[in-house]
Amino acid sequence: MIYELEQRHFDIFKDEARKWINLFGLKDWEIFFRFEEMEDFDRALCRTNWAGKVCNLALARWHSEERTEGDIRKYAFHEVCELLL
C-alpha cells in the first residue's frame with residue numbers, strides 16, 4: 001500500500017528543520033522547502049548549491065509505509081545535519 005503524506009506532515013518537517021537550522025546557526029544559507037514526489041526509497045533530500053549558499057530541503061510526498069510525526073522530525077534533523085556537515 002502507498003501512503004500520501006499531508007500538509008500537516010510537511011509543516012512538521014519545516015518547523016523541525018527550522019529549529020535545527022537556528023540551533024546550528026545556519027543563517028547565512030538561503031533555504032527553501034519542497035514537498036514532492038521522489039524515488040521509492042527516498043524519504044527526504046538535501047540539495048545544495050555550495051557556491052551560492054542555497055539549499056532545498058525536500059520531503060517525499062509518497063511513502064511505502066505509514067509515517068509518524070517522530071519519523072518526519074527525524075527526517076528533518078537528518079537533512080539539516082547534511083547541510084551542516
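Modeller: First a term: helices (H or I, at least four residues) and strands (E, at least two) are DSSP runs, numbered from the N terminus. By that count the protein has two helices and five strands. This is a predicted model, where local features need pLDDT of at least 70 and side-chain atom pairs count only at pLDDT 80 or more, while totals for chains, interfaces and linings use all residues. Residues are numbered from 1 along each chain as its sequence is written, and side-chain values use heavy atoms, with hydrogens and water left out.

Biologist: In what pattern do the elements follow along the sequence?

Modeller: The pattern reads β-α-β-β-β-β-α.

Biologist: Which strands make up the sheet, and in what order?

Modeller: Three strands form an open sheet, ordered E2-E4-E3, with mixed pairing. Two strands pair if DSSP finds at least two bridges between them. The edges are strand E2 (30-36) and strand E3 (44-49), each pairing on one side only. On average, neighbouring strands in this sheet are turned by 20° against each other, direction ignored. Axes here are lines fitted to C-alpha atoms, for helices over the stretch in contact, and angles run from 0 to 180 degrees between N-to-C directions.

Biologist: Which pairs are parallel and which antiparallel?

Modeller: E2 and E4 run parallel and are joined by seven bridges. E3 pairs with strand E4 (residues 54-60) in the antiparallel sense, over six bridges. In general, strands of a sheet pair through backbone hydrogen bonds, either parallel or antiparallel.

Biologist: What are the bridge partners in E4 of Cys46 and Asn49?

Modeller: Cys46 has Leu57 as its partner, and Asn49 has Val54. Ala44 stands opposite Leu59 in E4. For Glu36 the bridge partner in E4 is Ala60.

Biologist: What about the hairpin, how many residues sit between E3 and E4?

Modeller: Four residues lie between the strands there, and Lys53 takes a positive phi near 55°.

Biologist: Which strands does helix H1 touch?

Modeller: Helix H1 (residues 7-24) packs on the sheet and touches E2, E3 and E4, its direction making about 155° with that of E2. Contact means heavy atoms within 4.5 Å. Helix H2 (residues 69-84) also packs on the sheet, touching E2, E3 and E4, and its direction makes about 20° with that of E3.

Biologist: How long is H2?

Modeller: H2 has 16 residues and reaches 23 Å from its first C-alpha to its last, close to the 22 Å expected at 1.5 Å a residue. The expected span is 1.5 Å times one less than the number of residues.

Biologist: Which residues of H2 are buried, and what covers them?

Modeller: Buried means under 20% relative accessible area, exposed over 50%, partly exposed in between (1.4 Å probe, protein chains only). In H2 the buried residues are Asp71, Ile72, Tyr75, Ala76, Glu79, Val80, Cys81 and Leu83. Their cover includes H1, E2, E3, E4 and strand E5 (62-63). E4 is mostly covered as well, with five of its seven residues buried.

Biologist: There is a lysine in H1, Lys14. Is Lys14 buried or exposed?

Modeller: Lys14 counts as buried because its relative accessible area is 18%. Leaving aside neighbours within four places in sequence, Lys14 is in contact with Gln7 and Phe33.

Biologist: And His9, buried or exposed?

Modeller: His9, also placed in helix H1, is buried at 6% relative accessibility. Beyond neighbours within four places in sequence, His9 contacts Leu59, Arg67 and Ile72.

Biologist: What share of the residues is buried?

Modeller: Of the 85 residues, 40% count as buried. Among contacts with a separation of 6 or more, 64% come from residues 24 or more positions apart.
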